[in-house]
Amino acid sequence: MSSFLASLGEAVGLIVTGDPDLLEIIGLSLRVTLTAVAAACVIGLPIGAVVGALRFPGRSLAGVILNSLMGLPPVVVGLMVYMALSAGGPLGPLGLLYTPTAMIIAQTILVTPIVAALTKQIVEDLHADYAEQFASLEVGPFDRVVALLWDARFSLMTVALAGFGRAVAEVGAVIMVGGNINHVTRVMTTTIALETSKGNLEVALALGVVLLTIALIVNGAVMTFRATAARVTYA
Amino acid sequence: MLETEFNVRSPAPGWREETQRAASPEVLLETRALCFDAGGRRLIDRIDIDIRAGRRTMIMGANGTGKSLLLRLLHGLIPPTRGEVLWRGRPLDRGGRHAQAMVFQRPVMLRRSAIANLRFALAVRGFTGSERTTRETEALQRAQLEGLAARQARVLSAGEQQRLAVARALSCAPRILFLDEPTASLDPVSTHAVEQLIREAHADGVTIVLATHDVGQARRLGDDLVFMHAGRVVETGRVSDVLNAPRSEAARAWLEGRLYLDSSS
């Protein structure tokens with residue numbers, strides 16, 4: 001208990017003093033995570049909406065695959081991206097291995113199925129409401145998808161948050177493709193893993209508290225924005 | 001012979017065939033031996049009807065008798081198992097569908113403002129620019145919702161939503177408007193407002209096909225009546241004739257509030 005309290009105190013101290021190393025790590029963590037979530041939304045939202053709203057051969061299979069990919073093991077993704085980006089891999093000449101870009105790629109691969117699968121479910125439910133009206137108006141596939149994504153936008157913020165939660169807490173893939181290089185690819189989770197392996201449990205715990213606080217702030221901000229936007233829109 | 005604008009060419013077996021056809025208005029919509037099966041059951045059974053331009057046709061019958069299903073088949077929302085729907089003499093296609101609109105029992109409102117609901121419908125139907133703006137304004141005025149244009153459609157009252165749904169359908173300039181029990185869950189004031197919209201649409205030349213349980217509404221709004229029982233058309237004629245002197249046992253029993261079960265149902 002005393003060590004936990006000491007860790008809390010250390011965490012507060014790190015934040016209050018504005019430790020430059022910590023701020024750098026937090027900054028990179030947020031940059032990698034938010035970029036990956038944004039990329040995953042760009043890819044996953046339309047995929048989920050198409051599978052949720054349109055009828056095409058193989059749609060059920062696509063839904064099963066999306067749901068299954070939500071459980072992608074991070075280390076497997078890390079390994080695949082590592083192999084693709086390593087010198088002998090197809091993307092080796094790009095020189096991306098052990099860079100933040102490699103971490104973003106890995107996290108995007110992990111988060112996209114989550115965004116797509118949850119979007120599919122939300123859009124499918126909304127489309128059940130709209131289907132007859134859309135059919136009556138003869139709304140085309142593109143307009144359907146756009147309309148459903150727009151009308152479900154507040155629910156889809158929760159989807160983005162789920163993706164953020166997965167990405168910000170991820171360690172297996174980013175450590176494999178980022179290498180946890182100090183001042184280059186070191187993020188919160190890889191630092192926690194490193195400090196734990198060195199036996200600096202109090203520092204690791206302090207960083208964990210900081211990570212949780214960041215997640216809490218981001219979630220709170222998004223949910224507040226969602227509630228305010230919904231209230232203004234539905235007033 | 002009674003002359004109506006409505007014609008049932010070959011009703012279900014066991015019912016006296018009617019051949020009442022007026023000379024004038026164009027047949028907009030006709031069905032030929034229309035059937036629809038689901039779950040191993042025949043839900044719509046060999047329906048042959050004509051809907052003539054400018055008429056107001058009421059479709060009546062007990063719950064589960066196929067009224068809503070028939071409207072959806074006529075509107076092309078679901079394909080028939082057998083038979084066909086003809087629009088101005090040709091199989092119902094995209095062009096025919098564009099000349100139609102439908103209002104559902106539970107109005108389907110997008111999660112947008114009232115005016116955005118109108119804008120969406122007009123946009124997908126190809127209206128742009130000032131014409132779209134003009135139609136939006138006219139539809140809001142028609143529905144008496146000018147003051148609620150920016151309000152979220154889903155928070156409007158049931159009556160306001162249904163008025164908006166009718167106005168939205170009419171804003172796309174349909175030649176024929178299908179309405180599936182549009183006032184089933186409305187109070188008398190809201191019912192009156194929706195009926196007024198329907199009257200105005202008819203006065204503007206829109207052909208009306210309306211499914212209803214409300215005898216009073218059928219009398220107020222209808223020219224012709226199609227009475228259905230167990231997926232079949234069992235009686236047709238002018239509204240007043242069918243309601244005042246039903247010839248079929250199914251219609252007679254329904255109007256008298258009696259339970260009617262025949263062997264084929």
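Chains are lettered from A and ligands numbered from 1 in the order in which they are written, while residues are numbered from 1 along each chain as its sequence is written. Because the model is predicted, local features need pLDDT of at least 70 and side-chain atom pairs count only at pLDDT 80 or more, whereas totals for chains, interfaces and linings use all residues.

View 1. Helices (H or I, at least four residues) and strands (E, at least two) are DSSP runs numbered from the N terminus, and two strands pair if DSSP finds at least two bridges between them. Strand 2 (residues 27-38) of chain B pairs in the antiparallel sense with strand 4 (residues 49-52) of chain B over three bridges, and, again antiparallel, with strand 6 (residues 82-87) of chain B over five bridges. B:Leu29 takes part in both pairings, standing opposite B:Ile51 in strand 4 of chain B and having B:Trp87 as its bridge partner in strand 6 of chain B.

View 2. Strand 2 of chain B and strand 3 (residues 41-47) of chain B run antiparallel and are joined by four bridges. Within strand 3 of chain B, Ile44 faces B:Phe36, and B:Ile47 stands opposite B:Leu34. Two residues lie between the strands of this hairpin, in which B:Gly39 takes a positive phi near 60°.

**View 3. The open six-stranded sheet of chain B.** Six strands of chain B form an open sheet of mixed pairing, in the order 8-9-10-5-11-12. Strand 8 (100-103) and strand 12 (232-238) of chain B are the edge strands, each pairing on one side only. From one strand to the next the twist averages 15°, where axes are lines fitted to C-alpha atoms, for helices over the stretch in contact, and angles run from 0 to 180 degrees between N-to-C directions. Strand 5 (residues 56-61) and strand 11 (residues 224-229) of chain B run parallel and are joined by five bridges, with B:Gly61 opposite B:Met228 in strand 11 of chain B.

**View 4. Helices lying across strands of chain B.** Helix 5 (residues 158-171) of chain B lies across strand 8 and strand 9 (176-180) of chain B, running at about 175° to strand 8 of chain B; contact between two residues requires that their C-beta atoms, placed from the backbone, lie within 7 Å.
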